Amino acid sequence: MTAATTTSVDTLRLLITDALALGPRGAALTVQSPLLGAVPELDSLAVAILVTAIEEHFGIVFDDADLTEETFATLGSLVQRIDAYRQP
Amino acid sequence: MTSPTVPVPAFFDGPNGPLFGIYHGRAEAPHPAGMILFLPPFAEEMNRSRRTVSRLAQTLAQHYDLGLFSLDPSGTGDSGGDLADASWPAWIEDGLAAVAAIAAQGIPLAGVMGLRIGAALALEIAARVPVPRVVLWQPVLRGEVLLTQLVRQKIASTLGQSGQGSRAPTSQDLHAQLRAGTPLEVGGYILPPALAADLALVASEPLLEATAAPIDWIETGSAPPPASLTALSARYPSRVTLHHLPSPAIWMIEETPPVDDLVRDLGQLWARVS
């Protein structure tokens, strides 16, 4: 894992925990933790708002074509998607 | 010692049909010393924020004798009209009608507050009539941000459905559908194409300069506000005060989280004499 990815995992975990008010459940998320379908707070409205929060926080623009089950499958898959955007 | 409060529903005539709003007042004296006009967020965000807004209204009434008049714009909530006929200009008119209705009750207007896209509406109102104070709570000042969010919400709602990955609508499809005049169902609400077109054009940042009222801008994410935001308030130093009040996104979270700190902070903000 590159340093950038490590930063993204911690940051994204905090972002999601904060946005969805997950508390200790959020702090316990790892890269393997499933998101979509496993975190009940992550419904379609939350996904949409979270994407905006991710865009603002990381200074990226999310291509809606990347709004897929694969992207939101786990914390790790979402980090990978973000990192792919962050790489020039 | 806190006095009990009662909800005070109010129906009044608006330019686009009957309008509904609700505030809380002290049980023994429901007429508050001042009234804040509150403009709510849109659709499911309005739904999810109701309970917290109600809690805020009760606190403002109990501790500060301030009413928080939460208006349902035409076609939303309990107001008259169909969402299919809603428009941004109509909602501005509705807000102005609410200001007039409050004045007709002989209650001084303490200011206007808007949450999310309601903040853009609050600025539109403050640009047209004098208001003592504007509070923007996690404002969305560009309608296209909300429109993008609604389309993304639609796409997200199709995820996880049996092997439909390649058949899910694309963002381009959905935006094109709206532009072509077809309503879009999102999370149980039917987004009318005319309203979507209006939202695409809403860009309220210039209105920060269109009111003489002091503006309090509240950011609720726990991360420090982005540099773009601090830069924005620096552009309007005598008008906009940026407040960082980390608190739950109550317009997004279904189960109302504890919001005592937020409610207290907002109450104190409104109680401050400028």
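Predicted model: local features only at pLDDT ≥ 70, side-chain atom pairs only at ≥ 80, totals over all residues.
## Starting point: what "buried" means

A residue is called buried here when its relative accessible area is under 20%. Keep that cut-off in mind for helix α4 of chain A, where L75(A), G76(A), S77(A), L78(A), V79(A), I82(A) and D83(A) are buried.

## Helix α4 of chain A

Let's stay with that helix for a moment.

The N-terminal end of α4(A) has a cap in T74(A), with a side-chain oxygen 3.3 Å from the backbone nitrogen of G76(A). G76(A) also turns up among the buried residues of the helix.

## Helix α2 of chain B

Over in chain B, α2(B) runs through residues 88-104. The same kind of length check works out here: 17 residues at 1.5 Å each should span 24 Å, and the end C-alpha atoms are 24 Å apart, which agrees.

The cap at the N-terminal end of α2(B) is S87(B), which places a side-chain oxygen 3.1 Å from the backbone nitrogen of A90(B). A90(B) is itself buried, and so are W88(B), W91(B), I92(B), D94(B), G95(B), A97(B), A98(B), V99(B) and I102(B). Just past the helix, G106(B) adopts a positive phi of about 75 degrees.

## Where the chains meet

Now for the interface. On the chain B side 23 residues are in contact with 21 residues of chain A. About 1900 Å² is buried between the two chains, with carbon and sulfur atoms giving 62% of that area. Look out for R152(B), L159(B) and M252(B): this trio supplies 38% of the area that chain B buries against chain A, more than any other three residues.

Three salt bridges are found across the interface, and six residue pairs are in polar contact between chain B and chain A, counting pairs with both residues at pLDDT 80 or more.

## Who supplies the chain B side

Two helices of chain B, α1 (44-64) and α4 (143-158), each supply at least two residues of the side that touches chain A. α4(B) gives the most, with seven residues. By type, the residues on this side of chain B split into nine nonpolar, eight polar and six charged.

How values were computed: Residues numbered from 1 in each chain as written. Chains lettered and ligands numbered in written order. Heavy atoms only, no water. Contact = heavy atoms within 4.5 Å. Buried area = accessible area lost by both parts, 1.4 Å probe. Salt bridge = Lys/Arg side-chain N within 4 Å of Asp/Glu carboxyl O. Polar contact = N/O pair within 3.5 Å; in protein donor to acceptor, adjacent residues only side chain to side chain. Helix = DSSP H or I, 4+ residues; strand = E, 2+ residues; numbered from the N terminus. Nonpolar A, V, L, I, M, F, W, Y, C, P; charged D, E, K, R; others polar. Expected span 1.5 Å × (residues − 1). Buried < 20%, exposed > 50% of the residue type's maximum accessible area, 1.4 Å probe, protein only.
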